[in-house]
Structure formats: C-alpha cells, structure tokens
Amino acid sequence: MGFLDGLMGNASEVDREEIAKELEEVLVDGEDFQSGYKVLRDSFIFTNKRLILIDKQGMTGKKVEYHSIPYKSVTHFSVETAGGFDLESELKIWLSGSSEPIGKTFKKDSPIQEVQRSLAEYVL
C-alpha cells in the first residue's frame, strides 16, 4: 500500500506474519486469525470469533486500542463495489445499539467480495 493510498483511506490486506505477532497476546484459546485489512496504521481483523479493530494512536503508534466486536453484535452490513469510474469500494457494518455504521474504504482492486463473504460466514 502506498502512502497516498493510506492518506486517502484506502485499505489493503495485512501482512499475515506481522499481524500474527501483534495479535499473539490478544487472541484467546481456539481463536484464529482469518483475514485482515489495513488503512495506514489502523487495521480491522477478522477472526473465527470476532472482528478486531486496531487503532494505533499518537505519532509513534505505540499506544494501541483493540476494539473487539463479537459477530453477534453485527445487525447488518453493506458493500458498495467500485464502478467503471469509481476508484474505491466501501464496506459498512452496523452494530446493535449504534445508529452509525463503521465504514472502511478499499482500493478498486481490493478483494472486497472476500471480505463480504467472510463477514457473512460469521454473522449469518
């Protein structure tokens, strides 16, 4: 992912080895990393049990917030794919008790359909 893509909010897949090391102390027994996507320094990670939003804060990114969302909390989600002139696709996830969705933007050539399929597998 290029720096400008990150500034524009475009997401790319995370490095599996890098994220496995970062999640070593976060995942519980029986929980496995499935897939993940990164926007600049922040990430959202799909495991077999939950969605983990990773928010790296500050100039150095050493302060990190891990926001865990059990799949049962997802009330609905939508995917808007890129069209002929669109440069990006968008994923929106609504949670119970919240009126505003969590939204992530993906580059046009990103595997947005795989993300939708993974989310559907765990939520439905």
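**Entry 1: order of elements**

I started at the N terminus and read off the elements of the protein in order: α-β-α-β-β-β-β-β-β-β-α. That gives me 3 helices and 8 strands. A reminder to myself: this is a predicted model.

**Entry 2: the whole chain**

Next I looked up how much of the protein is buried. Of its 124 residues, 35% are buried. I also checked contacts between residues at least 6 apart in sequence, and 37% of these join residues at least 24 apart.

**Entry 3: the nonpolar cores**

Which residues touch the most other members of the largest nonpolar core? I found Phe 44, Phe 46, Leu 51, Leu 91, Ile 93 and Phe 106, in a core of 16 residues. Strand E3 (42-47), E4, E7 and helix H3 (112-123) each give two or more residues to this core. Helix H3 gives the most, with 4 residues. Apart from this core I noted another one, of 7 residues, with Leu 23, Phe 33, Ile 45 and Ile 54 among them.

Setting aside its neighbours within four places in sequence, I listed Leu 51, Val 74, His 76, Phe 77, Pro 101, Ile 102 and Leu 119.

**Entry 4: a cavity**

How many cavities of 30 Å³ or more does a search of the whole structure find? The search turns up 1. The space in the largest cavity comes to about 40 Å³. Its lining is made of Phe 44, Leu 51, Leu 53, Leu 91, Ile 93, Ile 102 and Lys 104. Strand E4 (50-57), strand E7 (88-95) and strand E8 (102-107) are the elements that give two or more residues to that lining. I sorted the lining residues by type and got 6 nonpolar, no polar and 1 charged. Ile 93 is back again: it is part of this lining and also among the residues that touch the most other members of the largest core.

**Entry 5: Glu 31**

Last, I went to Glu 31, in the loop between helix H2 (16-22) and strand E2 (33-39). Is Glu 31 buried or exposed? Its relative accessible area is 5%, so Glu 31 is buried, as the cut-off for buried is under 20%. Who are its partners? Not counting residues up to four places away in sequence, Glu 31 touches Val 26, Thr 47, Asn 48, Lys 49, Arg 50 and Ile 52. With Thr 47 there is a polar contact, side chain to side chain, at 2.7 Å.

Note on methods:
Residues numbered from 1 in each chain as written. Predicted model: local features only at pLDDT ≥ 70, side-chain atom pairs only at ≥ 80, totals over all residues. Heavy atoms only, no water. 1 Å grid on protein atoms, 1.4 Å probe; cavity = no way out; pocket = protein on both sides within 12 Å on 5 of 7 lines; lining within 4 Å. Points joined across faces, edges and corners; volume = space filled by probe spheres on them. Nonpolar A, V, L, I, M, F, W, Y, C, P; charged D, E, K, R; others polar. Core = buried A, V, L, I, M, F, W, Y, C linked by side-chain atoms within 4.5 Å. Buried < 20%, exposed > 50% of the residue type's maximum accessible area, 1.4 Å probe, protein only. Contact = heavy atoms within 4.5 Å. Polar contact = N/O pair within 3.5 Å; in protein donor to acceptor, adjacent residues only side chain to side chain.
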